[in-house]
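Hi,

Here is the structure I promised to pass on. Have a look at it first, and then read my notes below.

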Amino acid sequence: MPGFTIAHFTDAHLPLHGGFAPLELLGKRGLSALNWARRRSRLHLRAVAEALRDDILAHRPDHVTMTGDAVNFGLPREFAAAASWLSGFGPPETLSFVPGNHEAIAPGAEAAREAAYAPFTRGEQPDGAWPVLRRFGPVALFGVTTAIPTAPFLAQGEAGAAQIRALRRALGAAAGLCRIVLIHHPPTELARPRKALRDRAALSAAIAEAGAAIVLHGHDHRNELSWIDGAAGRISVLGCPSASTPPGRGAAPAEWRFLRVRETEAGWRIEILRRALGPAGFADRGRFTLTSPR
């Protein structure tokens, strides 16, 4: 196999234009809007996200993945605008998406969210069911949703027992393929308690038992590498910074990852190139290689 290439980015937090209706600022969404005005609007620029998209397209990956938080306030018109922006990467079958906590800031928008993102979440499962399974030759992508409404000042996620059971079965059935899990919240103990995945122990146990080559996540807006101790060896869990943060703002600048999956006699070799934003635009920021048994 010459190699299957995948672009991974996350947490674009595309700015909302047009303001809010008064009722939209009730409860947690109002607190989020205040935080946006005071701080987050300087950390997430649409121009940076556009430059990142251009850089990904210039590298012509076989597939593009985004692990959540395309929006900020969980409004139906945001979902529609984000889906339109994601369409700029190409036909729906060329991009896979999983939602994050900002897609679930407040209850009541679930149907609008699922409808807007449906082109990027259709796979071998029945429509609307999670986890999502998409296969590309020897590569299998498993999308997990952790988007749930939470109380003010919390950004937690939850996969749920039914989805975890389904993921364990699907991973087991795809043994022998390069299994890549896409999720917003890290399934390891990285995030602070108020931002953590509530059922990460159960989810990581399912991945450990069934096996996977790598887990790709977002949420923390940082470069992160952790591991799940699987039955066949250690499973890498790789987090990426936000896709829209400019340099010099006190947070990791925008970055995306270019993964090349190669099959070897021992299993899978995943070569990863980091592309990060600097003063002159996006540039290489290092390479590393992860391996996984079948």
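A quick term to start with: a polar contact is a pair of N or O atoms within 3.5 Å, where within protein one must be able to donate a hydrogen and the other to accept it, and residues adjacent in sequence count only if both atoms are side-chain atoms. This is a predicted model, so local features need pLDDT of at least 70 and side-chain atom pairs count only at pLDDT 80 or more, while totals for chains, interfaces and linings use all residues. Residues are numbered from 1 along each chain as its sequence is written, and side-chain values use heavy atoms, leaving out hydrogens and water.

Let's begin with E224. Its side chain makes a polar contact with the side chain of R222, at 2.9 Å. E224 counts as buried, at 10% relative accessibility (buried means under 20% relative accessible area, exposed over 50%, partly exposed in between, with a 1.4 Å probe and protein chains only). Leaving aside residues up to four places away in sequence, E224 touches L190, H217, V237, L238 and G239 (contact means heavy atoms within 4.5 Å).

Now for D69. Is D69 buried or exposed? With a relative accessible area of 2%, D69 is buried. Its contacts, again not counting residues up to four places away in sequence, include D11, H13, N101 and H184. A polar atom of the D69 side chain also lies 2.8 Å from the backbone nitrogen of H102. As for G19, D69 is 50 residues from it in sequence and 19 Å from it in space, C-alpha to C-alpha.

Cheers
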